[in-house]
Amino acid sequence: MEATELWIPMVKALYRLNAEGTAVKVRSVWAIDCPNHGDSCVLNDEVLKEKYSEQFTLHDYGKAISIFLSTGLLSPLEKSTLVAVGHSGGTAAHIVCAATNEQPRYKALVLVEPPWLDRSVKPMFEMATMLIGKRKSRTWNSVEEAMKYLSTRRPYRTFHPDVIRVMTDTHFQTTIVDGERRIALKTSTEQENATWRATDDAFTASEWMAPLLSKVRVHIVFGARQDMWPEPVHEILQNLVESHRSQLASIGTVQGAGHHVPQERPEELATAIMHALERDRTHAHAKL
């Protein structure tokens, strides 16, 4: 659930493809921060510390998306042709949004590297997330120093250069530590850990997936490189996807990417999304 700014290179690639002439038209793109990530983490700092210091759930994120879609900011045409694109935990938030409304809000879902799992692997999944959640807060003297440190570490070391440039410009804030001016990530380590503690949400969203498949077209996109989950967890994910293959609109793979597909291969992901939309258009014409 990375800050939305890191999707900018993919969005630009999507519009470039659209400008070149495609079977579908991209009218607008709306990016919704998880309320405890990026600029939203800074904006919501007080309430997050007061109410969500221990846990921030993907259900909370899904509710935030539902509230946004009810604001009237989207035109009737946009609402009637809305396609949700989510990555990792963000896919679960879109599933929550879709499954907790009487009428699906989306014409289609594009789920990139979704944690589609059953509860048999919950202990192993929680062990993996617990290790991630042990990351310590860090601050730096400058953005340059921060980027030098982060760019040699996972997951940032495999990010596309365009994403790294956006990250350099948008990812940091000034903070005061022991009376000194320092640079820190906008998404605090405390809130990142609060999100990782809400592991049950991923399994609940997984259980809501199957009923959704008969109501909305769902596309799955994976990175070709398995670099996120322990092998038994990854195997369960693949088996679940395969068992629902006939109900899925499509299953795609982005070569050269691992779990962080939007940040590693933004142009290739844009192509995969466009292909998914074109399949949906062909499907709609076939039904007519």
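A residue is called buried when its relative accessible area is under 20%, exposed when that area is over 50%, and partly exposed in between, with a 1.4 Å probe and protein chains only. By this definition helix H6 is mostly covered, as 10 of its 11 residues are buried. Helices (DSSP runs of H or I, at least four residues) and strands (runs of E, at least two) are numbered from the N terminus.

The structure is a predicted model, in which local features need pLDDT of at least 70 and side-chain atom pairs count only at pLDDT 80 or more, while totals for chains, interfaces and linings use all residues. Residues are numbered from 1 along each chain as its sequence is written, and side-chain values use heavy atoms, with hydrogens and water left out.

**Overall form**

The protein contains 14 helices and 6 strands. Its radius of gyration, taken over C-alpha atoms, is 19 Å, close to the 19 Å given by the globule rule (2.2 Å times the number of residues to the power 0.38) for 288 residues, so the protein is as compact as a globular protein of that length. The C-alpha trace spans about 65 × 45 × 40 Å along its principal axes. Of the 288 residues, 48% count as buried.

**The nonpolar cores**

A nonpolar core is a set of buried Ala, Val, Leu, Ile, Met, Phe, Trp, Tyr and Cys residues joined through side-chain atoms within 4.5 Å. The largest such core has 44 residues, of which Tyr106 and Val218 touch the most other members.

| Element | Residues |
|---|---|
| Helix H4 | 58–69 |
| Helix H6 | 89–99 |
| Strand S2 | 108–112 |
| Helix H7 | 122–132 |
| Helix H11 | 200–212 |
| Strand S5 | 217–223 |
| Helix H12 | 231–243 |

Apart from this core lies another, of 18 residues, among them Val24, Leu269, Ile273 and Met274.

Contact means heavy atoms within 4.5 Å. Leaving aside residues up to four places away in sequence, Val218 touches Leu109, Leu111, Met209, Leu213, Leu248, Ala249 and Ser250. The cover over the buried residues of H6 includes H4, strand S1 (83–87), S2 and H11. Among those buried residues are Ile95, Val96 and Cys97.

**Strands S5 and S6**

Two strands pair if DSSP finds at least two bridges between them. S5 and strand S6 (residues 250–254) run parallel and are joined by 5 bridges. Within this pair, His219 stands opposite Ser250 in S6.
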